[in-house]
Amino acid sequence: MQTICHGISFLKKALDGSTKVLLVCDSSFFCLNIRNEIEKMGVPYVIFDQFTSNPLYEDVCKGVDLFQITKCDALLAIGGGSCMDVAKCIKLYCKMERNKLYLHQEYRDTGVKLIAIPTTAGTGSESTRYAVIYYDGKKQSVTHDSIIPDVAILEPKVLKTLPLYQKKCTMLDALCQGIESWWSVNSTDESKELSKKAVETIMHWWHEYIFGNTDISAERIMYAANMAGQAICITQTTAPHAFSYKLTSLYKIPHGHAVAICLPIIWNFMINNMNKCIDVRGSNYLNAVFNDIASTMGCDNSMQAINKFRRIMKEMEMPYPISDNLSSDIDILSSSVNPIRLKNNPVKLDDMSIRILYEQIVK
């Protein structure tokens, strides 16, 4: 069972029993106002920051080697989603055989303590069992219950120094995760309650968080992002996430921005194709879910909610990608969608539907 703490003051207690910590961090760590608190934690630590924003398998191997050579017995991840991914994989791989590919070995709980302090409010990775790394240029999704961090510490002060565009992208990612989890075919009563709280909180605080940068809004958005992450940990993502990944690599659009571009277009498609519902609970159930999401967003129906989502995107000046070679790009994008993630989507999307949707997403 994960422990979620609010405030950096909980770090010292979280590290009880640890003798040396591998601090996995990205470049943002050296600019954070919590750095002094880390210095005071009373436990020796070794910094590992030699990884890219889209972490490579080889990067993780370096982290595993450093963890072992320096005889660390705990991991502390401070950063965004990539940082969390690296720390999770180090935990999973640190007791495997070194002469075999870690990706091909059986995943087991290593028992190594992992503490996560997110520096963005978006992915909720501090509370999920997922990590993404790249091997031979291909994305590898790593999933295991043991890589959910033992302790997640939410410290909203770290959000004060985030660049505005990054705040927008990460907040949108959290909102999309909350919505997608809610309509996922894997949703449960628990996940839907988490989704509702996440969406409700973001809708209430997003404007003050983006344009006012107040302490209370940062606290609430970080809390909402964590709840959305918990919800996604139960349900997994759906079509908007599946559509987003190639947009990110092809047009160099940050992940949260790419997902948010896809979500209203795919939602609109699903409303108009309820006869293709694949959720075993039926189309009436799905329509009720769409209405519940809309109501939580302060709207009377799904179409109003979709239009409201688009207005939020417009107010934050989040543009759609523009292609110089549309036909070729649509071919590339359409063939990139992961069919596994589409199985979680409540409405069936065939090859033709995917192509039509991308033609609306890319201008």
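**Entry 1: D59**

I looked up D59 and found its place in helix α3, where a helix is a DSSP run of H or I of at least four residues, a strand is a run of E of at least two, and both are numbered from the N terminus. This is a predicted model, in which local features need pLDDT of at least 70 and side-chain atom pairs count only at pLDDT 80 or more, while totals for chains, interfaces and linings use all residues. Residues are numbered from 1 along each chain as its sequence is written, and side-chain values use heavy atoms, with hydrogens and water left out.

Is D59 buried or exposed? I noted that D59 is buried, because its relative accessible area is 7%; buried stands for under 20%, exposed for over 50%, and partly exposed for what lies in between, with a 1.4 Å probe and protein chains only. With neighbours within four places in sequence left aside, D59 is in contact with F48, Q50, F51 and T52, contact being heavy atoms within 4.5 Å. I also looked up D59 against L162, which is 103 residues apart from it along the chain, and the two C-alpha atoms are separated by 25 Å.

**Entry 2: M96**

I then turned to M96, which lies in the loop between α4 (81-93) and β5 (113-118). M96 has a relative accessible area of 11% and is therefore buried. Which residues does M96 contact, leaving aside its neighbours within four places in sequence? I wrote down Y102, Q105, E106 and Y107. For M96 and Y107, 11 residues apart in sequence, I noted a C-alpha to C-alpha distance of 8.7 Å.

My next residue was K71, found in the loop between α3 (57-69) and β4 (74-79). K71 is not a glycine, and yet its phi is positive, at about 60°. With a relative accessible area of 69%, K71 is exposed.

K252 has a positive phi too, near 55°, and is a residue other than glycine. I placed K252 in the loop between α8 (239-251) and α9 (255-271), and K252 counts as exposed because its relative accessibility is 69%.

For G137, I found a place in the loop between β6 (130-135) and β7 (138-143). G137 has 70% relative accessibility and so counts as exposed. G137 and Y57 are 80 residues apart in sequence, whereas in space they are 9.7 Å apart, C-alpha to C-alpha.

**Entry 3: M303**

I looked up M303 in helix α11, which covers residues 302-315. M303 counts as partly exposed, because its relative accessibility is 33%. Not counting residues up to four places away in sequence, M303 touches N268 and I271. M303 and W267 are 36 residues apart in sequence, and I noted 9.0 Å between them in space, C-alpha to C-alpha.

**Entry 4: the second largest pocket**

Rolling a probe the size of a water molecule over the atoms shows where empty space is left.

How many residues line the second largest pocket? I noted 25, of which M1, Q2, S127, I148 and Q230 lie nearest its centre. The elements giving two or more residues to this lining are β1 (3-6), α6 (189-212) and α7 (215-235), and α7 gives the most, with six residues.

**Entry 5: the whole protein**

Last, I looked at the protein as a whole, whose secondary structure comes to 14 helices and eight strands. The radius of gyration is 20 Å, close to the 21 Å that the globule rule gives for 363 residues, so the protein is as compact as a globular protein of that length; the radius is taken over C-alpha atoms, and the rule is 2.2 Å times the number of residues to the power 0.38. The C-alpha atoms fill a box of roughly 60 × 45 × 40 Å, taken along the principal axes.

Buried residues make up 56% of the 363 residues. Of the contacts between residues at least 6 apart in sequence, 78% join residues at least 24 apart.

Conventions
1 Å grid on protein atoms, 1.4 Å probe; cavity = no way out; pocket = protein on both sides within 12 Å on 5 of 7 lines; lining within 4 Å.
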